Amino acid sequence: MMLLSRNTWRCMIYIAVFISMSLCDVVAKPRIVTTIKPLAIIAASAVGDAASVEYLQSPGQTGHDLHLVPSMLTQLESADLLLRVDQHFEHRFAGYFETVPSERVLTASQLGLHWPEPATAEKDEHGLERDLHFWLNPANAEVLAAAIQTHLGLPLTRLIEPAQMRDYRAALAPFKNARYLTHHDAYGHFRTAFDLSAAPSFRDAGGGQRGISSHYDLRESALRSPPSCLFVEPQLLTKAARQFAKSHNLAVIPLDPLGTDVTLGIAAYSKFIDGLVGQFKQCFLPTP
Ligand SMILES: [Zn+2]
């Protein structure tokens, strides 16, 4: 065996210690895995560089279609913290979440959130009565962000400053009583946050189709008092909604509740709300 000098040994020990410390740094960074992208947008803004954030939802998939596939198990098992909306929202994951120790899971709907008045008393196919798209109200996103920061022992910081919120409210104030339609009943939290009027929709809060009578009501209401546009969640736009917009001469405007184009990072949530405020205003711009 080759004899190594004392200095060589010392050097090798230093290198080994350095490598293991570096590995510890990587291992020590907590991993957050969320079911849908909006939760990852909030988490990434809440933790900055202090944790890694991933989500399970794939592009083009609505939050309501999410289901467990075997390739997700490694991701879920290796997470230090799992985030979900509600057992009824990611209902196809309910069985899996029952097997996870409760200290590794944050369920947003169990935090002290603000809930809007329902736009309709109708239940959806999963028995939901509440609009669970809570993340569209920045006050709710702040509640979840604070819960994540507390869980990880991080200082409490805001996602959006109050002055910025005042600017958004002022920007949307002229449209307070404006009439519009939505494709999916997903915007109750958004209209509560910015004091906007309620709107009829083609699909219920769970993303399911409404019955024929609801479509008839929608048509009657559009004829009685014409809306300015139809807001659509790009992943859920149906042929029926497109035809309805065409026959009533309505512009179809994307209002994306999932932040499809938002890049994860510390400013992700404020960019997400900024984008929604801009998209909402598009409905009421004068047609050229
Ligand atoms: Zn939805």
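## Contact of H6 with H10

In this predicted model, Gln 164, Tyr 168, Ala 171 and Leu 172 of helix H6 meet Ser 270, Ile 273, Val 277, Phe 280 and Lys 281 of helix H10; two residues are in contact if their C-beta atoms, placed from the backbone, lie within 7 Å. The residues of this contact comprise six nonpolar, two polar and one charged. Ala, Val, Leu, Ile, Met, Phe, Trp, Tyr, Cys and Pro count as nonpolar, Asp, Glu, Lys and Arg as charged, and the others, Gly among them, as polar.

H6 covers residues 162-172 and H10 residues 268-282; their axes come within 10 Å and cross at roughly 10°. Axes are lines fitted to C-alpha atoms, for helices over the stretch in contact, and angles run from 0 to 180 degrees between N-to-C directions.

## Basis of the model

Residues are numbered from 1 along each chain as its sequence is written. The model is predicted: local features need pLDDT of at least 70, side-chain atom pairs count only at pLDDT 80 or more, and totals for chains, interfaces and linings use all residues.

The protein chain holds 10 helices and eight strands. Of its 288 residues, 33% count as buried. A residue is buried if 20 or more other C-beta atoms lie within 10 Å of its own, exposed if 12 or fewer, and partly exposed in between, with C-beta atoms placed from the backbone. Among contacts with a separation of 6 or more, 63% join residues 24 or more positions apart.

## Sheet E2-E1-E3-E4

Four strands form an open sheet in the order E2-E1-E3-E4, with parallel pairing; strands pair if DSSP finds at least two bridges between them. Strand E2 (52-55) and strand E4 (105-107) are the edge strands, and each pairs on one side only. Neighbouring strands are turned by 20° against each other on average, direction ignored.

Strand E3 (residues 81-84) pairs with E4 in the parallel sense over three bridges, and Leu 82 stands opposite Val 105 in E4. Helix H2 (residues 37-47) lies across strand E1 (31-34), E2 and E3, and runs at about 175° to E2.

E7 and E8 pair over four bridges, and Leu 230 stands opposite Val 252 in E8.

In helix H9 (residues 239-247), the buried residues are Ala 241, Phe 244 and Ala 245. They lie on the same side of H9 because they cover an arc of only 95° around the axis, taken from the directions from the helix axis to the C-beta atoms. Their cover includes strand E5 (181-184), strand E6 (201-203), strand E7 (229-232) and strand E8 (251-254). Lys 239, Ala 240, Gln 243, Lys 246 and Ser 247 are exposed on the other side of H9. Asn 249, which follows H9, has a positive phi, near 55°.

## Glu 142

Glu 142 lies in helix H5 (residues 138-151). It counts as partly exposed because it has 19 C-beta neighbours inside 10 Å. Leaving aside residues up to four places away in sequence, Glu 142 touches Arg 158 and Leu 159. The C-alpha atoms of Glu 142 and Ile 42 are separated by 8.3 Å, with the two residues 100 apart along the chain.

Terms used: Helices (H or I, at least four residues) and strands (E, at least two) are DSSP runs, numbered from the N terminus.
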